[in-house]
Amino acid sequence: MGTWDAGPYDNDDASDWLEDLLEADPAEWSDIIAETLTAVVDWDDYLEYPEAAEAVAAAAVVASQLPGMEAYAPEMFADDEELDFPESLRDLAVRALDRIVGDESEWREMWDGNGDEAFDVVRELRAALAG
């Protein structure tokens with residue numbers, strides 16, 4: 001696993017997930033994001049890092065379309081491209097982020113004690129999505 005920074009796309013798992021998303025038909029993006037987030041929300045056991053990292057990236061893509069959250073837009077998005085995600089993705093993203101920072105999460109264990117920057121990113125995403 002390669003992680004080079006605390007941003008939502010700054011690790012191999014999230015970067016690969018984002019690349020796959022961008023290669024898909026934009027009409028399918030909502031479904032792909034929903035599947036990624038649902039996998040984490042429905043995860044019964046110890047949540048593994050790859051799935052958590054992908055869900056953080058998915059939540060960031062959704063949040064990037066909210067006012068004031070443009071900084072979370074992936075660099076590969078066209079500057080003038082606005083995506084119309086259903087409201088249900090915001091709620092699903094909040095639930096996934098709560099699962100990621102909760103107990104039984106490798107993502108939480110990895111970042112716990114390694115600075116607050118990654119937690120700050122997740123908190124900012126969650127606040128925007130829940131707002």
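1. Ground rules. This is a predicted model, so local features need pLDDT of at least 70 and side-chain atom pairs count only at pLDDT 80 or more, while totals for chains, interfaces and linings use all residues. Residues are numbered from 1 along each chain as its sequence is written, and side-chain values use heavy atoms, with hydrogens and water left out.

2. α3 against α6. Helices here are DSSP runs (H or I, at least four residues), numbered from the N terminus. The axes of α3 (residues 49-63) and α6 (residues 117-130) come within 10 Å and cross at roughly 45°. That makes α3 oblique to α6. For reference, angles under 35 degrees count as roughly parallel, over 145 as roughly antiparallel, 65 to 115 as roughly perpendicular and the rest as oblique. Axes are lines fitted to C-alpha atoms, for helices over the stretch in contact, with angles running from 0 to 180 degrees between N-to-C directions.

3. On the α3 side you'll find Val-56, Ala-59, Ala-60, Val-62 and Ala-63, meeting Val-122, Leu-125 and Leu-129 of α6; contact means heavy atoms within 4.5 Å. By class, the α3 contact with α6 has eight nonpolar residues, no polar and no charged ones. (Ala, Val, Leu, Ile, Met, Phe, Trp, Tyr, Cys and Pro count as nonpolar, Asp, Glu, Lys and Arg as charged, and the others, Gly among them, as polar.)

4. α2 against α4. Here the axes come within 8 Å and cross at roughly 35°. The contact includes Ile-33 and Leu-37 of α2, and Arg-95, Arg-99 and Ile-100 of α4. By class, this α2 contact with α4 has 10 nonpolar, two polar and two charged residues.

5. The core. The largest nonpolar core has 46 residues, and Ile-33, Leu-37, Val-61, Ile-100, Trp-107, Leu-125 and Leu-129 touch the most other members. The largest share of this core, 12 residues, comes from α3. Such a core is a set of buried Ala, Val, Leu, Ile, Met, Phe, Trp, Tyr and Cys residues joined through side-chain atoms within 4.5 Å.

6. Leu-129. Not counting residues up to four places away in sequence, Leu-129 touches Ala-59, Val-62, Ala-63, Leu-66, Arg-90, Ala-93, Val-94 and Leu-97.

7. Ser-15. This α1 residue counts as partly exposed at 28% relative accessibility (buried is under 20% relative accessible area, exposed over 50%, partly exposed in between, with a 1.4 Å probe and protein chains only). Leaving aside neighbours within four places in sequence, Ser-15 is in contact with Trp-4 and Tyr-9.

Technical notes. Helix = DSSP H or I, 4+ residues; strand = E, 2+ residues; numbered from the N terminus.
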